[in-house]
Amino acid sequence: MIKNIISGIKAYFGAFSLISKLKLWKYFAIPMLISFVTFIVIFTSAYGLSDNIGGFISKIWIWDWGKDTFSSISNFIGGLIVLVIGIILFKHIIMALSAPFMSPVSEKIEAHFTGNLPHSHRDTTFMQQLWRGIRINGRNLFMELLLTIPILLLKFIPIVNIFSTILLFMVQAYYAGFGNMDYTLERHFQYKDSLQFVRKHRGLAIGNGIIFILCLLIPVLGVILVLPLSVTAASTRTVEAIQLTNKPVNAT
């Protein structure tokens, strides 16, 4: 799996040049706008909630001794919870709403590498692509929150919280890469088959998602460029993975 993680990361190295070569920037205009607006709405709201969550957590400590220390820890944990959930919501919202705009990008990248014409794949409409994006990312949002909440609780356990941070980051990366890979998979596989495909190639998803999450740490520019770069990188590796499987490329 480590090899696939590295492969998913390395795919970003040629993303800029491939976007320019295939003249794909025009397709990213609306998704980049969606990313920017969603970021402003979610994180502006989240910033105001961090102190409230920290204050709520601090009430658990009913004793006077150590109260200041616990309050400081609670504020940190509250801010972390808001940050993590904010990132989770952000990535699934933008990937779901951008699905109809990202599918053509993925298709052009696949045609560039394989020579396959659009009619050789499943023919889906704008609304079908949007619904697929909402369905996949809605499912992934639920699963990610289900895994994230117990991991966040581990933050209260010394030493263990170090490993929980790594685990939390990997979970975030996996589901980010999952969404990016599905822009290609939707032309080849039905819903359930796509889930199985990503599980089998989870290393590629994690590698792609690692850079996706790191891009979000870059103020403004990272939020705007995260989809163009991550979708381009994911499409190249997903096409390669599909070619290496024995499954037929046309969905039944």
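**Helices, rings and core of a predicted model**

In this predicted model, the elements of the protein chain run α-α-α-α-α-α-α-α-α-α from the N terminus on.

Q: How many helices and how many strands are there in the protein chain?
A: The order of elements from the N terminus is α-α-α-α-α-α-α-α-α-α. The count for the protein chain is accordingly 10 helices and 0 strands.

Q: Are H5 and H6 roughly parallel or roughly perpendicular to each other?
A: Helix H5 covers residues 99–114 and helix H6 covers residues 126–153; their axes lie 8 Å apart at an angle of about 105°. Angles of 65 to 115 degrees count as roughly perpendicular. H5 and H6 are therefore roughly perpendicular.

Q: Which residues of H5 and H6 make the contact?
A: The two helices pack with their axes 8 Å apart. On the H6 side, the contact is made by Phe126, Gln129, Leu130 and Gly133. On the H5 side, it is made by Ala99, Pro100, Phe101 and Ser103.

Q: Is Trp25 buried or partly exposed?
A: A search of the whole structure finds 6 aromatic pairs. Trp25 and Phe28 form an edge-to-face pair, with 6.1 Å centre to centre and 65° between the planes. Phe28 counts as buried because its relative accessibility is 0%. Trp25 has 30% relative accessibility and so counts as partly exposed.

Q: Which residues do ring pairs link into a cluster?
A: Trp25 and Phe28 form an aromatic pair. Ring pairs link these two residues and one other into a cluster: Phe16, Trp25 and Phe28.

Q: Which residues have the most contacts inside the largest nonpolar core?
A: In soluble globular proteins, nonpolar side chains tend to be buried together. Here, buried residues make up 48% of the 252 residues in the protein chain, and the largest nonpolar core has 62 residues. Leaving aside neighbours within four places in sequence, the contacts of Phe212 include Tyr12, Ile94, Ala176 and Val226. The residues with the most contacts inside this core are Ile94 and Phe212.

Q: How far from the centre of the ring of Tyr191 is the charged end of Arg135?
A: The charged end of Arg135 sits over the ring of Tyr191. Its distance from the ring centre is 3.7 Å.

Methods
Residues numbered from 1 in each chain as written. Predicted model: local features only at pLDDT ≥ 70, side-chain atom pairs only at ≥ 80, totals over all residues. Heavy atoms only, no water. Phe/Tyr/Trp six-rings, centres within 6.5 Å; stacked < 30°, edge-to-face > 60°. Buried < 20%, exposed > 50% of the residue type's maximum accessible area, 1.4 Å probe, protein only. Lys NZ or Arg CZ within 6 Å of the ring centre and 35° of its normal. Core = buried A, V, L, I, M, F, W, Y, C linked by side-chain atoms within 4.5 Å. Contact = heavy atoms within 4.5 Å. Axes fitted to C-alpha atoms, helices over the stretch in contact; angles between N-to-C directions. Helix = DSSP H or I, 4+ residues; strand = E, 2+ residues; numbered from the N terminus. Parallel < 35°, antiparallel > 145°, perpendicular 65-115°, else oblique.
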